[in-house]
Amino acid sequence: MSSPRSFHIAVMALGGQGGGVLVDWLVDLAEHTGWTAQATSVAGVAQRTGATVYYIELVEPTPGREPVMALMPIPGQVDILIAAEWMEAGRAIERGLVTPDRTTVIASSHRTYAVQEKMTPGNGVANAPAVLQALQAHAKRVIAGDMQALAVAQGSVISASLLGALAASEVLPFPLEAFEAVVQRSGIGVQASLRALHAGACLAQQGEVPLLPQEPMSTAPRPLPSHAQAPALQALLERIRRDFVQVAWPWLGEGLARVVDYQDVAYGQEYLDCVAQIARHDRAAHDISNVGHVLTMEAARWIAVAMSYDDVIRVADLKSRAERFVRLRQEVGAEAGQVYGSQEFFHPRLNEVLGLLPKAWAQWLSRTPACCAWLTRIVDRSRRIDAHTVGGHLQLRCLAGLRRWRRGNHRHAVERAHWQHWLTEVDKLAAQDRALAVELLRCRRLIKGYSDTHERGNTKYALLLNASQKLCGQAHAAHTLANWRALALKELDSGLLAQAIDRHFSIASEATPSFSTQPSQETTP
């Protein structure tokens, strides 16, 4: 007795992507044509909002016989793998669900970043091109593209565009009309879903290599604009063209825009003064052809980052801007006349409150334990602010309005002293080893955020700052500091970094010959 024809389909989707809807459509498709269908799912909570593995078996009509079907996909026996997010396709390869002699992969190339990717201090984004290479090596056929963008453009959800790509792949023995009938029978968002289905089918028929999303930390600076929106800013643009090399203009333009948006035009003037102090080493160097003007470009980049540090004022400003509400409207798909909003979570600690106070007040309070304990009981608790309400929005705008007094508050005094000390050390190193000075500038990347995140970054940055002073004069000093920075960006804790630094200098001290100061006991003949 011959075995009936069957198809084994695995669907990997995140919470909220409509994976269950896609599975229901496939079951309905099979049953309306007389096939036997069985669907199971195993939900997960480890990735993002929960990655669910759905499994479907479709068996052709078997009159008088009851097919026996599995409850989970079996490695090496999956005919179709549908991934509703790019890294889910990579995880399917790791599970053995993709085989070159059998599996057709239909995957969306868009990214929804995992918690682990976001938690990494540096660039923790997974390697999307590596997944594409693995798919091309392990799959029988790959159909990939931004199914999410296709669906959103048609006012639908990703499950509809994935269904269309599956229909156009012609792996299942059902015509496109059968897939369209399934959507029509669902009775919800039919026209939008049909449009998304046809868009997914067109993408599958093209068979082009997917355009992978650009990594969020690899964007290049925009060209320096020819004209500014205000006369005061125009003077700063003219200073950039007059006092700095042209190769650094894009970075200087980006940095200037950032610090002016953060504070004001006078702050932008101070920013250019700081960059000019470091850039003079590039102009004075005789080996400029070997190193180029990297010192100037890195100074333009990281001084802007240091001067636009995250504080309560900045967070409140960004969360209450009009463009943010426009973006939220687009993300949730709210139509004209529909009410939408966001709830912001704040948990200020005593340090954040002291940072908003004038420097003298904060220093006095920090020396008064009773006052600190009283303030802690009042402020150290979580708060939820409805930014779309009048009261919530006013709270955020009042906090953002403290920007005009930022230069006089305690937090700014601390940050200013911090970055001035950093630039002093960079200035000293640049006179002796410009490559090492460049790496020390890049170490500013470690300091970001606020609260515990800021403290962890500061701890690792302090270790590297002290180490750079000891490295000056050693061979391969810049390379060593760069490796330590990479380690610091990879690990949340500073313990491994401290061990690596201690080990390096202990080995260096053992390799240095020692000379006794005691007189020799030998006599000269």
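Student: How many residues does the largest nonpolar core have?
Tutor: This is a predicted model. In the largest nonpolar core, the residues with the most contacts inside it are Leu 252, Tyr 271, Ile 303, Trp 419, Trp 422 and Trp 484. The core has 57 residues.

Student: Which residues is Tyr 271 in contact with, leaving aside its neighbours within four places in sequence?
Tutor: Tyr 271 is among the residues with the most contacts inside the largest core. Contact here means heavy atoms within 4.5 Å. The partners are Trp 251, Leu 252, Gly 255, Leu 256, Val 259, Ala 300, Ile 303, Ala 304 and Met 307.

Student: How many residues are in the second, separate core?
Tutor: This core includes Val 27, Ala 178, Ala 201 and Ala 204. Its residues number 43.

Student: Which strands are the edge strands of the open sheet?
Tutor: The sheet has 6 strands with mixed pairing, in the order E2-E3-E1-E4-E5-E6. An edge strand pairs on one side only. The edge strands are E2 (36-42) and E6 (141-145).

Student: What is the bridge partner of Ala 37 in E3?
Tutor: E2 and E3 (residues 51-59) run antiparallel and are joined by 7 bridges. The partner of Ala 37 in E3 is Leu 58.

Student: At about what angle does helix H6 run to E5?
Tutor: H6 (residues 158-169) lies across E4, E5 (104-108) and E6. Its angle to E5 is about 150 degrees.

Technical notes:
Residues are numbered from 1 along each chain as its sequence is written. This is a predicted model: local features need pLDDT of at least 70, side-chain atom pairs count only at pLDDT 80 or more; totals for chains, interfaces and linings use all residues. Side-chain values use heavy atoms; hydrogens and water are left out. Two strands pair if DSSP finds at least two bridges between them. Helices (H or I, at least four residues) and strands (E, at least two) are DSSP runs, numbered from the N terminus. Axes are lines fitted to C-alpha atoms, for helices over the stretch in contact, and angles run from 0 to 180 degrees between N-to-C directions. A nonpolar core is a set of buried Ala, Val, Leu, Ile, Met, Phe, Trp, Tyr and Cys residues joined through side-chain atoms within 4.5 Å. Buried means under 20% relative accessible area, exposed over 50%, partly exposed in between (1.4 Å probe, protein chains only).
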